[in-house]
Amino acid sequence: MTTSAFPALLTSLAAGASLEEGLARTLRRLVALTGAAGGALVFNPPHAKPIAATAGPRNLTRDLLAGASTRHVLQILLGAPARPVGRLVLLGRARALKRTALPPGFGRELGAAIEQVWGLQRRTLRTTMLTEITRLLGSSDSLDEVLSAFAEGLARLVDFDSVAALLLDAERGEFEVLDVTARTVPGRIARDLRLPLERTLLERVVASGSAVRVDDLAAASVPAASRVTLGARGWRSALLVPLVTQGGVFGAVSLVAARPAAFGAADAESAAELAQPLASAIAQRRLLDESRRRAEELAALYTTSHLITGRLDVASVLDRISGSVTALIGSTGCGIGLLDATRTRLVHAAAHGYKSEEWGALALPMGEGLMGRCAETGQPIRVDDVRRDPRSARRDVDEREGIRSMLCVPLRVGGTLLGVISAFSTRQAAFSAHHQRVLEAFAEQAGIAIQNAQLFEESVHRTREMRALLEAGRAVTASLDLERTIHVIMEQARAVLGVSSCGIMMRNEQGVLSSVASLDLPEELVSTVRIHEGEGITGRAVAERRPMQSADLWNDPRHRYPELTRAQGLRSLLAAPLRVGDRAIGAILVFRRDVHEFTPAEEELLQALADQAAIAMEHARLYERLEARVADRTRELDQQKRFVEVVLETLPLGVFVLDAGLAIVRANRAGAGALGEAPTGKPFPALLPPARAAEVEAFLRAAVASQRVETMEHELAVGGDVRVLRLTVAPLAGAAAHVVLLVADVTRAKQLERQMLLTERLTTAGRLASGVAHELNNPLATIAGCAEALSARLTESGLADRPELADFRGYLTLIEEEAFRCKEITGSLLQFVREPGDRRAPTDLNAVVAKTIELLSHQSRFAGSRFVTEPAPELPPALINEGQFRQVFLGVASNGLEAMDGRGRLTVRTRAIRDEVEVEFEDEGPGVPEEILGRIFDPFFTTKPPGQGTGLGLAIAQGIVADHGGRIEVQSRPGKGSVFRIVVPAQLQEAPYPQGGHE
């Protein structure tokens, strides 16, 4: 065969509808091209059965495939020598074919071509199967039909022995095994079962979310449960691919084979790809089944609601309820067990779907079996397998019925147990938590229907009495007036029981029963009826706390007042105690005029009315006591409220209560005074200047957010004054939406603090100045002494007459004078800064003025000013502290000089007027504006720029002068200057003692 014939062989291989057909065509062409008598072409796909094609006599080809020894045979391996994928066997006619009959490398190239065609056909087949299974998503096929189609398609891609769908039941920690292989064989019964999830291959798939492949199920690495379960069926290898929806892994497709290592990576890929649409199909049908089941549940619940109002026949209601359960939750059957009269046994009153009459008539004691345990505990019981549950009592009956799973829920009405609904199924684990919830909801309505049917007959003959009793109860609860309540009770008792008279007796603390009201007895007789507890018919009823009666009072020796009843014509009596808790507070009595034995129903009815009456009377008493306590407590709260209001209003602090939006809820008087008007509802930041409002609002909101007490201080302009306010905010405990804000005016404290700081600074400056002045005195004394010595030497040596030294004496004299003048200045400074003390002495104010002017004239900042003094002659002395007044004059004069910017004229006058001495300082400055004239003596008030004044000078001066019994007067004309007049008492001359006088 030539090399050019190889492409034709490949064409034959790819032209077949299947790989088997392609191999047969290729083999026939090879036999024809090589002249062979026959042959066999075998392909071994990975993890799949071999695919073989033969040509020639059947017996020879059969022997070739079986590997029997045959002469004239040429055998070539297909594919790579290290990994052959098949073999080609050719049979010669008379002798064996030589290898030269085939081109070199023929086996390798043919093997590669076969693998390529096989892979292409598998991809095509996988796409076809995927399309087919995806098509089923929109079809109406059942889940079994979808599983069958999946198994058939998967079998064309993967070689397996059995396939199953494993569906996870996370609620129970189990999974359901759906036998897919059985569903593909007509007439074969699917062996579905449930298995625990723990220690299984499915548990690994759920945990990892990916496929699991096992080459040897007997290996120790295989989970124990899967190793035992699959090994017992003879399986050696397995492949599990997950079933995934948006909610995660809900199961897996399980492929098993009897041979080890039966599945490869390609098989896992194919199975996983086909499992995706299968998962969607299963989820879709689950949703459809769930929707259908919900619709059936709603229909059953709707039907039950009609039973409640539509039928009151007990047997019919029970039969309908038992039949509805099967449609509601898909059970095989249902039974309804009701408690008997002794409430110790459950008896089947209705059943549906059962086989034997024994189960239909089943009766169990409370606490026995599943139904008895449900009735005893009052809790639902759900059993997945009754054969394994030790609580199952009648296993023989369960076996005859084929019961595998059971769901029991109690029938209750208003907390009272009526019985048990028991649903059963022949399937294992047939009921889920959802079924339990549905049946519990159903049981609530069913219980109402059953109770309504049971009570119907009983309620018919008691309707009139109960209606009357209801009216009596309404009348009793409608009023808290004790006298009216008693009267209404007696009227209703007479109307309900059809008696002739009614009365009420109450028990006091000594145990004596006295009549308090009657419908027929005169009032003068009512108060005379008294008996001890335990005496007579009524006394025994109270003592024993149960109704007591007498059919014939006239002949009953227990009766204590036979004459009274004979006089009133009353013959029979029924007394019922008025019970409150475990004690009786009295009794209600009804009388008839004939001999009559009261029935138990009448006793029960009167006792019910008595109980209502007792509660109403006790409520009336409690109401009176409570009303008094409420009145007392209200008075206490009012007093406390007024006390708190007085405290808040008299606090020297501003108190504001703010809501979450910082709006004012309440403000005391001090708060309104601190910030002006503070109307309720106005935002607190709106009370502040706009420049500060945002900052304060941020501070308040931060404190509210942190729930901590915070404090801040701000200078605010309030009513034209600058005040320092301290704001303290505290969120209210237990009321996070409100806060308390305290506003304290600390302006005076801050002013005193600044004054103390300034005083300290001035003291320090004075000490420094005194030190400097003291140090200057020494060099000044040296300069003056040297000048004096030089002047003396000039005189003594006769040099003073020389012309060139004529000016020396004048210069030396000038130096000496100026040195002494400097010493006087430093002396004045030392005297000024020296602590003046508090000693007062008669002082010449002219001298104090002169010293002040001298001290000011040496200051450079006042060099351009003119000082004019007009001292009064013979000015009387004043009893003052000279140091303090020097400070006053210096401060007033400095203010005037500064007002003129150091360039005008300052005139200082002194005069004596009557018994006072005046010192007047007149400047030529701009004057003091009239609107601030009244505030110039306020501490810390100043009109100077920041850093150039403290506002304390005039305040201190006024304090000093006032302390000396004087005053400071001010006259000012804008643009004309100001006059400050300091007036102090003059020191009068003391007359000598008269001769012979006494001190």
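Mentor: An open sheet of six strands runs in the order S13-S12-S11-S16-S15-S14, with antiparallel pairing. This is a predicted model, in which local features need pLDDT of at least 70 and side-chain atom pairs count only at pLDDT 80 or more, while totals for chains, interfaces and linings use all residues. Residues are numbered from 1 along each chain as its sequence is written, and side-chain values use heavy atoms, with hydrogens and water left out.

Trainee: What makes two strands count as a pair, and what makes a strand a strand?

Mentor: Strands (E, at least two residues) and helices (H or I, at least four) are DSSP runs, numbered from the N terminus, and two strands pair if DSSP finds at least two bridges between them. S11 and strand S16 (residues 416-425) have six bridges in the antiparallel sense, and S11 also pairs over six bridges, again antiparallel, with strand S12 (residues 345-352). Gly337 shows both pairings, standing opposite Val420 in S16 and having His348 as its bridge partner in S12. S14 and strand S15 (residues 405-413) are joined by three antiparallel bridges, with Val383 opposite Met406 in S15.

Trainee: Why are S13 and S14 said to stand at the edges?

Mentor: Strand S13 (363-365) and strand S14 (381-383) each have a single partner strand, so one side of each is left without a neighbour in the sheet. From one strand to the next, the twist averages 20°, where axes are lines fitted to C-alpha atoms, for helices over the stretch in contact, and angles run from 0 to 180 degrees between N-to-C directions.

Trainee: How do you know that strand S11 is largely enclosed?

Mentor: Buried means under 20% relative accessible area, exposed over 50%, and partly exposed in between, with a 1.4 Å probe and protein chains only. Seven of the seven residues of S11 (residues 333-339) are buried, so the strand is largely enclosed by the rest of the structure. Gly333, Gly335, Gly337 and Leu339 point one way, while Cys334, Ile336 and Leu338 point the other way, and all are buried.

Trainee: What makes helix H2 roughly antiparallel to helix H4?

Mentor: The axes of H2 (residues 19-34) and H4 (residues 106-135) come within 10 Å and cross at roughly 155°. That makes H2 roughly antiparallel to H4, because angles over 145 degrees count as roughly antiparallel, under 35 as roughly parallel, 65 to 115 as roughly perpendicular and the rest as oblique.

Trainee: Which residues meet where H2 and H4 touch, and how are they classed?

Mentor: With contact meaning heavy atoms within 4.5 Å, Leu19, Leu23, Thr26 and Leu30 in H2 meet Phe106, Leu110, Ile114, Val117, Trp118 and Gln121 in H4. By class, this contact has eight nonpolar, two polar and no charged residues, where Ala, Val, Leu, Ile, Met, Phe, Trp, Tyr, Cys and Pro count as nonpolar, Asp, Glu, Lys and Arg as charged, and the others, Gly among them, as polar.
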